Protein chains: 4
Amino acid sequence: MKFLPAKLERKFRRLKKHARSPLMRKLDVMHERARQKVFQQSCDEYKDQKESEFECRKRPTKMPGGSRETYLSDGTFHQAVGRVLLVAEFFAMMPVKGVTGKHPGDLSFSWRNVRTCFCLVFITSSVANFGLSLFKVLNNPISFNSIKPIIFRGSVLLVLIVALRLAQKWPALMMYWHEVEQGLPQYPSQLAKWQMGRTIRMVMLVGMMLSFAEHLLSIVSAINYAWYCNGTSDPIKNFFLLTNDEIFYVTSYSTTLALWGKFQNVYSTFIWNYMDMFVMIVSIGLAAKFRQLNNDLRNFKGMHMAPSYWSERRIQYRTICILCDKMDDAISLITMVSFSNNLYFICVQLLRSLNTMPSVAHAVYFYFSLIFLIGRTLAVSLYSASVHDESRVTLRYLRCVPKDSWCPEVKRFSEEVISDEVALSGMKFFHLTRKLVLSVAGTIVTYELVLIQFHEDNDLWDCKQSYYS
Amino acid sequence: MKFLPAKLERKFRRLKKHARSPLMRKLDVMHERARQKVFQQSCDEYKDQKESEFECRKRPTKMPGGSRETYLSDGTFHQAVGRVLLVAEFFAMMPVKGVTGKHPGDLSFSWRNVRTCFCLVFITSSVANFGLSLFKVLNNPISFNSIKPIIFRGSVLLVLIVALRLAQKWPALMMYWHEVEQGLPQYPSQLAKWQMGRTIRMVMLVGMMLSFAEHLLSIVSAINYAWYCNGTSDPIKNFFLLTNDEIFYVTSYSTTLALWGKFQNVYSTFIWNYMDMFVMIVSIGLAAKFRQLNNDLRNFKGMHMAPSYWSERRIQYRTICILCDKMDDAISLITMVSFSNNLYFICVQLLRSLNTMPSVAHAVYFYFSLIFLIGRTLAVSLYSASVHDESRVTLRYLRCVPKDSWCPEVKRFSEEVISDEVALSGMKFFHLTRKLVLSVAGTIVTYELVLIQFHEDNDLWDCKQSYYS
Amino acid sequence: MKFLPAKLERKFRRLKKHARSPLMRKLDVMHERARQKVFQQSCDEYKDQKESEFECRKRPTKMPGGSRETYLSDGTFHQAVGRVLLVAEFFAMMPVKGVTGKHPGDLSFSWRNVRTCFCLVFITSSVANFGLSLFKVLNNPISFNSIKPIIFRGSVLLVLIVALRLAQKWPALMMYWHEVEQGLPQYPSQLAKWQMGRTIRMVMLVGMMLSFAEHLLSIVSAINYAWYCNGTSDPIKNFFLLTNDEIFYVTSYSTTLALWGKFQNVYSTFIWNYMDMFVMIVSIGLAAKFRQLNNDLRNFKGMHMAPSYWSERRIQYRTICILCDKMDDAISLITMVSFSNNLYFICVQLLRSLNTMPSVAHAVYFYFSLIFLIGRTLAVSLYSASVHDESRVTLRYLRCVPKDSWCPEVKRFSEEVISDEVALSGMKFFHLTRKLVLSVAGTIVTYELVLIQFHEDNDLWDCKQSYYS
Amino acid sequence: MKFLPAKLERKFRRLKKHARSPLMRKLDVMHERARQKVFQQSCDEYKDQKESEFECRKRPTKMPGGSRETYLSDGTFHQAVGRVLLVAEFFAMMPVKGVTGKHPGDLSFSWRNVRTCFCLVFITSSVANFGLSLFKVLNNPISFNSIKPIIFRGSVLLVLIVALRLAQKWPALMMYWHEVEQGLPQYPSQLAKWQMGRTIRMVMLVGMMLSFAEHLLSIVSAINYAWYCNGTSDPIKNFFLLTNDEIFYVTSYSTTLALWGKFQNVYSTFIWNYMDMFVMIVSIGLAAKFRQLNNDLRNFKGMHMAPSYWSERRIQYRTICILCDKMDDAISLITMVSFSNNLYFICVQLLRSLNTMPSVAHAVYFYFSLIFLIGRTLAVSLYSASVHDESRVTLRYLRCVPKDSWCPEVKRFSEEVISDEVALSGMKFFHLTRKLVLSVAGTIVTYELVLIQFHEDNDLWDCKQSYYS
């Protein structure tokens, strides 16, 4: 019945149309009128959009393998993350060449590159630092609170190694991403093109600045503390003895080691913050792609579209899903480290908040750092949940497809959207959705209530035991 | 609108009947007989319904953009919540003009309106009060129990601000709601039209009265307590020193400040109760719209209906879903504050129930307030879950569509009902369903069991520390 | 396209058949062969089944409204629960007349019936008993352990009232059940007819006997304890003072009151056990109906059946679902009381298991009662989960429908089975599935671990405080 | 079997192509080009695969009941687990004859077989050992920690009995498995055939070796401890008194009993490890079957396939699902024992990790055993979750079916994949998916935090109380 000769089918349809009752036709008329109303309401911007879209739409079909210059337009994820990755490279992560290049084809990874060497050297240095921390922790009584340095340094080390592996895959990932972007409906305006990049840059900037502010406050509070404890006569030595206690637990004081420790410290703090921001940025990128598709669907919401339109959209949706899957495979270990880290640190910091603060500098640093931690965790949760949310929005437009345009392709599209769970994940152990936020919050409250029982007040702020790290 | 000309349809059926196997025909006969039985059972009221419906149904198709008087009929949500919002306006919330007007088109929001000004003044006053509470709490040791005043005042303040923003959106929301109501199958009788309004008024009345009773009891108990503690010789001063301890913690006693504190107290208590009631009332409204649709489906349950009937119902269902989504976006912050507030207060009050009561007045007030709190939480949970429940009931009628009427439209309708999760939510972090009630109850029990360990009996009822608020 | 004139359609089909590739036909041949193999494997019993089924199948279509004697056949739920309800009536529950009658039409409820009067008298007596317990508990310090008597008596009272309301609905429910049973595919053999009844009787018998054994042990242990404590010289008085301490807490000893207390005790214990058994029995009945349908589907598994066959099965499945829903509405309060009761009592008894037992009689009674409690909870969980499990089994047979028989009706059937959650529930707050068992077990372990902290050993077995009830 | 005669198909397509809009044709062209690109990319290995597949594919259709020699090819689950079961038989489990035979038809179970007798003798011996443990535990104060021996021995006993029952079903299960394997698309290369077997053997080897290493370390640590405690002058006697304290709690020392105890110990330890490995191995087997099917689907991903191809794949998918169900029914008790055991032992060992270790030998043994335990639990969780994961991968290929090949069969296939939950389970109480891992981890952390409160340090390492077992 499906392979009806075209002629017969057309006759048939005409027949069916005539067979329709007058009432049904009236309904159609009403529906049509409502549709026209929508047209008129958004008529002004609609025409402009239509025209620009029409041109955009023709371009990719005209020259899919055309001249290279066509790719140099803005709005791609590769260009948006360029500077973000440059910052990462400065901090010994993601040693990929060509991140600021205009085309992802310029990206390359090589073991002999100076970036990679720097990265490897830093990893070695971090391993040494981690070893020293581990040695100090194991030689003291272990508690939920005392393992903080090894959790901190261990996860930084893990992220460094994962980032190195990710760097190798990055050129291929960006090429795939580029292909997906080429296939998507083009942005309606120059403004929309810039939006994803702007959001990414803003998140990066705000994150970096807050992280920098926190680090400054931590230095101020450490100086204050060093002055208070007053171990030696040299204030600088006091400061370094305090902040790099894991080094001087095994060796005597030396300025070189102190500087190395400080350098390690600054870099570790950056990387620890960067992993959350990286998950956010990838999420923003993926959500933006879904939004781009949804915007196109919204423009044609409730209108009669040809099955081929839906087929095209479905394939585009599918490619974004596959992209989402690929990115998830690549970064899910980072996501998992980021989430478990945040969970642990919030628990520890909330517990510490029960202590009496020895000075105002401490109090300011402590509460700033706690609020920054909780805010960052919320931000990374909500940004990563937005991928899932955007992927479900598509359904809203599919629900409004009028009766006559309802074809097997729309049906297939909507069933795929319903049954797929498109979201970033923590190694597939958990999916990043808004419901996760609540369960994480519930877990924190439960653990906190239980942990309070083991809390003893004044074991954190005496000079014998470093509060730092 | 939904009946094919009877003659044509009968011919059609006869044709189809001949093409069928005898077994199928037998089944049809059985089915038909069952259907007729249902007809006969509910024959008496059915005819009356039918007739009234027929008239109702004709009206909107006749004059969709007709004279304004046709809209003045009862049964709309706008009219049902009119007085509820009027009460809210008296208590400095939701400053919308025209809430008691007959048509939602009369609604308007303006920053220069006296209501808005009153609201803004009250918000400023509440901020001051909140600041005083915060100051007092932070200058005393912090515990799960001692932060109660800032949780209370903080959430009242938050709700006030959200309500102000909601007021701006309210006219548009009510217009959309009105449009949805115009499109729905009309009420079968005058009684049904009134039902939603009656339920809303009853919930409001009962809630207000219980809340008033609780406040009276709290005053009695505070007088009793003030008399017992006997700080100064002036009983009225004693009372105000007790109930507004956050004010007189920073300044010395003054009657003006005491009256301002009392006024603030009464208003805060009302608003704190009102946010639960508001969620309930919106839920009742949304559930009533789904019920209205379901009633129509029930009337034609198991009958042969034309595809256009199902198409119409599907579009109506869709519009209610969109309405539900819009309302959820508008009030989900209130819902979240309401739920987390109730969770916290039940935990605190259950913990306090372990204390020995100093007097009968205290015991009566305490247990009344605890039962009222639990009852209100249950009521808001169950009423808001009813939106989800009603939206699923539709499926029951779709399941009974006979074989011959099973068409792509019914299929699409039923798939949409299955896959959509229509429910109010707390900022999409959790959906308000009946299953939530159990998990909230489980959470309360778990937290309570853990919290009991930190409980010390006699720190709540000494005169040095106020028990109030 | 759906309303193709029959002639044209037939031609079309013939055409399509010819158009099939030889490869597809080969596949069909293979499929056919596999099907025949299944035939031959189960050939012996299959033929007998077939024949009996054929006769059964003809009967209901022949005389749907035939002579009354046709209904008198065995295998109905009404007949299976007859004696179970008779026992309940003896214990002042479910005062319905005609429970042992052959036809559910004989059932009737009347307020003037002697059963109803007995029931009402017993409820009054229970209220008095509950009041006495409540008075005693409130006059002593309240703990998780000490509220056991009011939880016990309160839930018994609640179940009594619910059972009275259920009794009013019972005749209508049984009539509906009877109609559903008439419509189902008949049992293949006399043995299958008897099975449900046999299981129900066995569950009732085993449950009653274990409950009786537990009560005997409790008496032995109470006598032992009374002898040990030796309050007065009269051993019988000692015994009653111990077991009915809530009565003699307010009045002095009197034999009449003691006997009333004992009577109340025996009856309460029975009713407390009976509510679990009642849930089990209803579950067995519902699961048996699904099994009956599934057996029919299994007989025709993998065969080419006409669409009307599937349509018929789908409608039967639907009616059982509706039946399940109606029963759930009627008994879900009992289910909820039963589950929360079991949860509470297991927690209390596990806590008590940490105590040192004063005598062997106590130890035997205690461990017997604990194991009986856990066993009963598991049994009620698993039996009630079996309703859900059986309702999902249907899907297994729908999955094996061969390609050529795959028609819209099968599709609709399978989609309905997938999307419906057919299960008994505790007031819709939770559904009784196998997954619930695990979460209940997890909850018990968690609560237990927390509760152990409040446990003090020797406050339960001293003579001042009764251990009983 | 799945290719329409090429000529006919091409004609068909041309016909269909003409009927389409130019836009659709353009889309097709794009799609076709992408498809060709994939072809070219994987062209080298593709051809080899194709050819080998073609030959493989012809074989089973040519001689489905052919000579026995055709079955003797590699790659079947039966052959892969042969040696694994042989090891099990040596340790008194799974007494099936013919496990190393080439054909599952050679498998047989008999009560009179020497394996079965050995197994029964060992079960009797284990019951005795369990009884002795139970006696010792009940005669000492019971705690979360002290019941470890009875949990250990009890679960070993349970697994032994379940394995005996499984042995009876094993021949039939393997026959069914063999049938399923015959119906699946053949392996593309000899390497792929070997892979499952290699993985299984490696898992078994690594597991056995680690378990052996742990046992050796336990002996070393026990010798160390026995020497330290120095109960008697005979070091061997000291050792056995320590490791078999449950025996010498009731009788005096005897070398025969000591050896029996040691033998029992070694065997129990093996069986305790084996149950996890068995679940892993069955999971690997089931996942491999799904992977085999998925590989075939991947080869034809995005191509135009005839409906019969999809029908065939769907039936194969169905048979693997049924196989998965059968295996789950057979081993789900083992799975449940394995998971609850691991949960309990991780909790106990984590608690013990808070103790101070008396010697280096203890510390090494303890941490090795803890890491091995956690690693094994993770491995069994992830391997068993892989069955579920692989069963979902199928969907990925179904999503890429091009528009023109989308037929009712593909639709049915994809709906079945979506709605089925194919996974091993713990008696259907929980399904083994990746999400389970997280909830198990969360449960361990919660329980641990609560349990720490009951922890007392020095009750585990004194000589009066054995640390062993």
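Me: How many salt bridges are there between chain B and chain C?

Reply: This is a predicted model. Between chain B and chain C the count is three salt bridges.

Me: Why is the meeting of B:Lys411 and C:Glu415 called a salt bridge?

Reply: The cut-off is 4 Å, from a side-chain nitrogen of Lys or Arg to a carboxyl oxygen of Asp or Glu. The side chains of B:Lys411 and C:Glu415 are at 3.4 Å, N to O. That is within 4 Å, so the pair is a salt bridge.

Me: Which helices of chain B each supply at least two residues of the side that touches chain C?

Reply: They are helix 1 (6-18), helix 2 (22-41), helix 13 (360-399), helix 14 (408-419) and helix 15 (434-451). Helix 15 gives the most, with nine residues.

Me: What makes up the side of chain B that touches chain C?

Reply: Its residues divide into 19 nonpolar, four polar and eleven charged.

Me: How many residues are in contact, and how much area do the two chains bury?

Reply: 34 residues of chain B are in contact with 31 residues of chain C. Chain B and chain C bury about 2,700 Å² between them, and 62% of that is on carbon and sulfur atoms.

Me: What are the elements of chain A?

Reply: Chain A has 14 helices and zero strands.

Me: How much of chain A is buried?

Reply: Buried means under 20% relative accessible area. Of the 469 residues in chain A, 51% are buried.

Conventions. Residues numbered from 1 in each chain as written. Chains lettered and ligands numbered in written order. Predicted model: local features only at pLDDT ≥ 70, side-chain atom pairs only at ≥ 80, totals over all residues. Heavy atoms only, no water. Contact = heavy atoms within 4.5 Å. Buried area = accessible area lost by both parts, 1.4 Å probe. Helix = DSSP H or I, 4+ residues; strand = E, 2+ residues; numbered from the N terminus. Nonpolar A, V, L, I, M, F, W, Y, C, P; charged D, E, K, R; others polar. Buried < 20%, exposed > 50% of the residue type's maximum accessible area, 1.4 Å probe, protein only.
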